[in-house]
Amino acid sequence: MIALIQRVKWAKVEVEDRIVGEINHGLLVLLGVEQGDDQAKSDRLLEKVLHYRVFADDQGKMNLNVQQAGGSVLVVSQFTLAADTQKGLRPSFSRGAHPSEANALYEYFCQQSAEKITTQTGEFAADMQVSLQNDGPVTFWLQV
């Protein structure tokens, strides 16, 4: 399971010109689900996302996590993160989980996140338009 996290001043996701998820200060989480992922991996990844220290403390050091910084989370499904790009000029998506399994784990991840922090979401398998202001820029690839 993969999370590409971006520290943002704001982020939103739109589907068919309507905003389906929007946050101010926090993390945009692009979530990719691979074959073999399960709820245990989802739990470990969420723990890492919520506790990863990417926000500045009073001395300007990245010592605070999103919860300590008073931020929110916007989770967007992103199947292309599971792409194999090692060969050729076209990605292979054979490592990605079947859509029904990926959706179940995406929903699980979002539910678990919402129990711990203010969480907004995109729409699984929709054509989404994601807008954000990356703060830093600060972007990390987390994988379990």
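Helices (H or I, at least four residues) and strands (E, at least two) are DSSP runs, numbered from the N terminus. The structure is a predicted model, in which local features need pLDDT of at least 70, side-chain atom pairs count only at pLDDT 80 or more, and totals for chains, interfaces and linings use all residues. Residues are numbered from 1 along each chain as its sequence is written, and side-chain values use heavy atoms, with hydrogens and water left out.

Most residues other than glycine have a negative phi, and most peptide bonds are trans. In strand 8 (residues 128-143), which contains Pro 137, a cis peptide bond links Gly 136 to Pro 137, with omega about 0°. Glu 16, although not a glycine, has a positive phi of about 50°; Glu 16 is located in the loop between strand 1 (2-15) and strand 2 (18-23).

Two packed helices are described by the angle between their axes and the distance between the axes. Helix 1 (residues 39-51) packs against helix 2 at an angle of about 45°, and their axes are 10 Å apart; axes are lines fitted to C-alpha atoms, for helices over the stretch in contact, and angles run from 0 to 180 degrees between N-to-C directions. The two helices, helix 1 and helix 2, are therefore oblique to each other, since angles under 35 degrees count as roughly parallel, over 145 as roughly antiparallel, 65 to 115 as roughly perpendicular and the rest as oblique. In contact (heavy atoms within 4.5 Å), Gln 39, Ser 42, Asp 43, Leu 45, Leu 46 and Val 49 of helix 1 meet Leu 105, Tyr 108, Phe 109, Gln 112 and Ser 113 of helix 2. The residues of this contact comprise 6 nonpolar, 4 polar and 1 charged, where Ala, Val, Leu, Ile, Met, Phe, Trp, Tyr, Cys and Pro count as nonpolar, Asp, Glu, Lys and Arg as charged, and the others, Gly among them, as polar.
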